[in-house]
Structures are given as structure tokens and as C-alpha cells.
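Grab the sequence and the 3D view, and let's work through a few exercises together.

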Amino acid sequence: WWRDRAGATRRFLERLRTTVNSGRLDPPVTLVLEGRARAGADESDVDGVEVVHAPGEGDDTIAAIAAAHYGVVVVTADRRLADRVRATDAEVVGPSWLLDQLVD
């Protein structure tokens, strides 16, 4: 990940789309990218997965999305972000939950 963020982003996005298409995750799924990870995927909405480029901090974009939509599930290990999105009545799950869902 740290050596090739763009490549890791592309591979992760493809796994997300495959997982949604297999029925293991319900659409819509939103992937928020910040910093150098944005080079790995253009903003798009394809196969039930929307890619959003955060204009600044990704956490701010994630919190705004959670506040704007009912029934959001946010995947994060960041406690501050988890507290922010829980305040919007969003559900929070850890990265291991998502990893367990992903199709190889």
C-alpha cells in the first residue's frame, strides 16, 4: 500500500466491485479516496461502487456522507471518525468486517 497507493487503490476498487456484483455487499458502496490514493481511481459510479475524491481530509468527506444519508455503514478503525459518524446515527464496523466480505 505505502509503496504503490495508486495500484493498491485500483486492486481494492476491483475487489469491491466484484464483491458487490457477487451479492456479498449490497449497493450502493462508496469508496472515499484522499491524497495520493486518488491517483488510483477516477471519480465514478460503476457497478454499484461510487468513488469519491475527498477535497481535503477523507474523514470530513466520510462524516458528511454519513450525515447526508440514512442507514449508512462506515468501515473504519479510527475512533474519532467512528464517534463522528455514530453521532449521525450511522453504523460503524471495523476493517476486518469488510475484509471478511471481499471476494478474492
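**Exercise 1.** Which residues of α2 are buried?

*Solution.* Before starting, note that this is a predicted model, where local features need pLDDT of at least 70 and side-chain atom pairs count only at pLDDT 80 or more, while totals for chains, interfaces and linings use all residues. Residues are numbered from 1 along each chain as its sequence is written, and side-chain values use heavy atoms, with hydrogens and water left out.

Step 1: Buried means under 20% relative accessible area, exposed over 50%, and partly exposed in between (1.4 Å probe, protein chains only). Helices (H or I, at least four residues) and strands (E, at least two) are DSSP runs, numbered from the N terminus.

Step 2: go along α2 and pick out G58, T61, I62, A63 and A66, its buried residues.

Step 3: look at what covers them. The cover includes β1, β3, β4 and α3.

**Exercise 2.** Work out how the strands of the open sheet are arranged.

*Solution.* Step 1: get the order. Three strands line up as β1-β3-β2, with mixed pairing. Two strands pair if DSSP finds at least two bridges between them.

Step 1: take the parallel pair. β1 (residues 29-33) and β3 (residues 49-53) run in the parallel sense over 5 bridges, and V29 has V49 as its bridge partner in β3.

Step 2: take the antiparallel pair. β2 (residues 44-46) joins β3 over 3 bridges, with S44 standing opposite V51. These two strands make a hairpin with 2 residues between them, and D47 in the turn has a positive phi of about 55°.

Step 3: find the edges. β1 and β2 each have a single partner strand, so one side of each is left without a neighbour in the sheet.

Step 4: The twist averages 15° from one strand to the next. α2 packs on this sheet, touching β1 and β3, and its direction makes about 155° with that of β1. For these angles, axes are lines fitted to C-alpha atoms, for helices over the stretch in contact, and values run from 0 to 180 degrees between N-to-C directions.

**Exercise 3.** Is R17 buried or exposed, and what does R17 contact?

Step 1: read its accessibility. At 11%, R17 counts as buried.

Step 2: leave aside its neighbours within four places in sequence. R17 is then in contact with S44, V46, D47, V49 and V51.

**Exercise 4.** Which residues have the most contacts inside the largest nonpolar core?

*Solution.* Step 1: define it. A nonpolar core is a set of buried Ala, Val, Leu, Ile, Met, Phe, Trp, Tyr and Cys residues joined through side-chain atoms within 4.5 Å.

Step 1: name the residues. Inside this core of 13 residues, L13, L16, L25, V29, L33 and V49 have the most contacts.

Step 2: trace the elements. α1, β1 and β3 each give two or more residues to this core.

Step 3: spot the other one. A second, separate core of 11 residues includes V32, A66, V74 and V85.

Key: Contact = heavy atoms within 4.5 Å.
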